[in-house]
Amino acid sequence: MSTRQLLNCVRILTRLVPFVYEAVSDGTFMEDIVFWTQRPRPGSGVDYTLGRQIVSATVDLLFTSGFTVPPATVGEDAVVRYTIWENGIGQTSSLGSSKEHVANRIEVLRLLLVICSKTMYVPAAGSVTLPNRALHAIAYNSNKRMVLCLLCSLINTSLRDRVQGWAIPYRSSTTMVPNDELSLYAMQALFILLDYQTPPSKSGSEPGNGADQHDDTEADANTPSMVLVTGTSTGAQNLFRVFIAKLHRVQEFDYLLTNIMRLLEESMRANLSILASVTKQPTKHAMPQEAAILLWILLENNAPFKDYLVDHNSSLRLFSVLLYFMLNGYNDPAQAGLVRTISHILHYLSEDSRFATRLMQPFDQSILPSTMRTVDASLTHADFMINTVFTLLSASKPYLVPVYSNLLLLVRNVSPYLTQVSQTTADKLVSLFDIISSPAFIISESYHVRWLIYLIEVFDYVVHYRAIDNPRLMYSMVKARSYFTRLRSFNLDKARAELSQLREKKSMADSARTIGRSSTPREVSQNTSDSAVKAAESLSSLSLNDDGSANAPIPDANAVSESGDITESAKSVDGTASPAISEKVRGKRPAANYTEDKDQQIQLRSSVSEAQPERSRGKGKERAGVDSKRKAKTASGSTVPKQFQPSEEWVFSWLPDLPLDPIIEVLDALATQVDRIAEEVQRDAEAAANANANANANSAQILEGDTKTDSQQAAQSPTKQSADDTAITGVTTDPTETIIHWLSSDSMLQVLPDLEESMPEIRPRVQGLSPALVVWFRSLLWSIIYASGMKPFGIWKNTNVRLFVVKHSV
């Protein structure tokens, strides 16, 4: 068979196989009949299945001499040569592949993805319970040498640095060059092979019907001993996961981390390049989403790599780059998957105390664009992290709701090691707690209690372990101690009344908007409960979404960006502007500073539903989402989500367990001393001012001319006059610095109550791979593959994908 004929067969199968995976009208699958029904092999009489033959042939084509790898040398007559394509892991030199080999690998990898795409044609819930027999055949029943060669080839091809010499990183065409396309398909194939796990069957046997359970001599010959691979006789595992977990050499880890960092930084530079900003086009094919997914998979499956990364000098730089992508993408629904992936990575790293401790090092802002840099140059990496978390929580984006728990857990896991938190960071933490601890916000959704618990644990750790190391945070907590006492006296009836009133205000605002009147409530009525009024002092308003969920503004205690706002104009799911956002938040206010302004508000919008990320935009493009729940609701005809109904039993399940008593006890003890210091500072300032006045009166005749001049200058500049008075008297009326100095001294420790009995154990909240998380991650992987496969070939066009919702742009 000639190369052209072979490529034609590959392309035809690539287009036909997706239709085989669709369910027919009676609920059965054509796949079972076509691929997995036993047939006698012509001439030999031995039974075989077409699906196994196609899978085996496709994998062999990736290593066929003269087709996808260079021809065999003299003395070799093997048609299939299992060898590693590129230098990197497991290979020190490249094969020297030609353009034809690269093009053929692209065709075969595309076919491999299609053959393994059965997952896209089952519902989201079934993606973890129904087997994918093609993936099972590759990952579980393959030759050991083939698995190693394919794994290393895919990794090295994905991470290969193809920049040679000097070149401008810009390409006017949106079509990928073959090497970039090969890297993309190699990484996608690597993802699905590492992600797949065979669901356990009821009988404990391998998945598949009876046709696939026969003694196949060829399959047995290609199946490595599970005793050799896993150390057990029955513990069958994904061989690709087994071998990725066996990586241990420092050179291998350095290769992986260096190239993942390169992919992320190349994408970062592409976003910031002048050509990209002028032409509004990507400067090159960047893969930040794929690089982040690969990093997460490596961290999850290789514990030594996590240890290597935590101890590496580049770990903090990687941390900063990941935070950049979160800040850069939180306003774009198409990047919601990237933001959530990074949140899982950071949460996973925060479980290590060594990494959390390293975050206390000074933060170098030179890696960030000027629009993301802060005024305060003394911030630590932990400060920048908390600023970023505050920004995303304040973004008022429904598709970020699944990310919020990870962000709060990130702060919670780092909190036992916090030192010298800046005033800006402290104010933002307290402002965030003010919102999340407000009664109406707590009862608006059931999961809000989890956010509240995470934040309270942050303050609990600081009070018990890091009080003297964080004087500014302790001072902010003392000033906001009413938020903690309000929570301790939580009353469900009052919270319901507050929430009911706020929902009524929302309804009235919607009615007003329909007739062109102002739609944003700016103040709370006088007959609101005391707790609601106190919350309103910092919230200004607490509006609701159309589904009744809370939509709580947060005081703008300063933006992370020096020259921009924390959020852009917030929009609802359908793209309409949110009526509850002020003009200042819409970008009409000046550049943010670091002085808390109660009048400037931003919103924290709570929504149960997860908006599926749009993989591409524009007319004629496919957009794949991953929210299977939304699809199920649409199919059932239900469009209005059920409101959460809190009960006294629900309140009793969490309120008594909150560690509020030691926190309030410490804050009350400190408040007494803080008030005393403030009074002393005020008294000393008044005494100094009186002494200075008497001295001025005695020398009035001598200084009469100078006094008139100073009076004229003071009339023009009251601030300068105050500064002059401070310089003359040597005493200031602002007690902040004095209080901060006392809170960082040993004298503060002497007034603290005994906290030995309430001392919490320093233990991180770990990230568990729940079935819901597995479904989301698998849906994300296949939605990325689907979106890239539809441009420009339309591989899955006109097929009924069920794993996620596909939206077609008008």
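D32 is partly exposed, at 24% relative accessibility, where buried denotes under 20% relative accessible area, exposed over 50%, and partly exposed the range in between (1.4 Å probe, protein chains only). The model is predicted, so that local features need pLDDT of at least 70 and side-chain atom pairs count only at pLDDT 80 or more, while totals for chains, interfaces and linings use all residues. Residues are numbered from 1 along each chain as its sequence is written, and side-chain values use heavy atoms, with hydrogens and water left out.

The structure holds 20 salt bridges, each defined as a side-chain nitrogen of Lys or Arg within 4 Å of a carboxyl oxygen of Asp or Glu. In one of them, D32 pairs with R133, and the closest N and O atoms are 2.7 Å apart. Because R133 belongs to helix α5 (residues 133–140) and D32 to helix α2 (residues 30–34), this pair ties together parts that are 101 residues apart in sequence; helices are DSSP runs (H or I, at least four residues), numbered from the N terminus. R133 is buried, with a relative accessible area of 13%.

A salt bridge also joins E457 and R765, whose closest N and O atoms are 2.7 Å apart. E457 lies in helix α22 (residues 448–465), whereas R765 lies in the loop between α34 (746–751) and α35 (771–789), so the pair ties together parts 308 residues apart in sequence. E457 is buried at 14%, while R765 is partly exposed at 31% relative accessibility.

The side chains of R466 and D469 likewise form a salt bridge (3.1 Å, N to O). Finally, a network of salt bridges links R11, E107, R110 and E181.

Terms used. Helix = DSSP H or I, 4+ residues; strand = E, 2+ residues; numbered from the N terminus.
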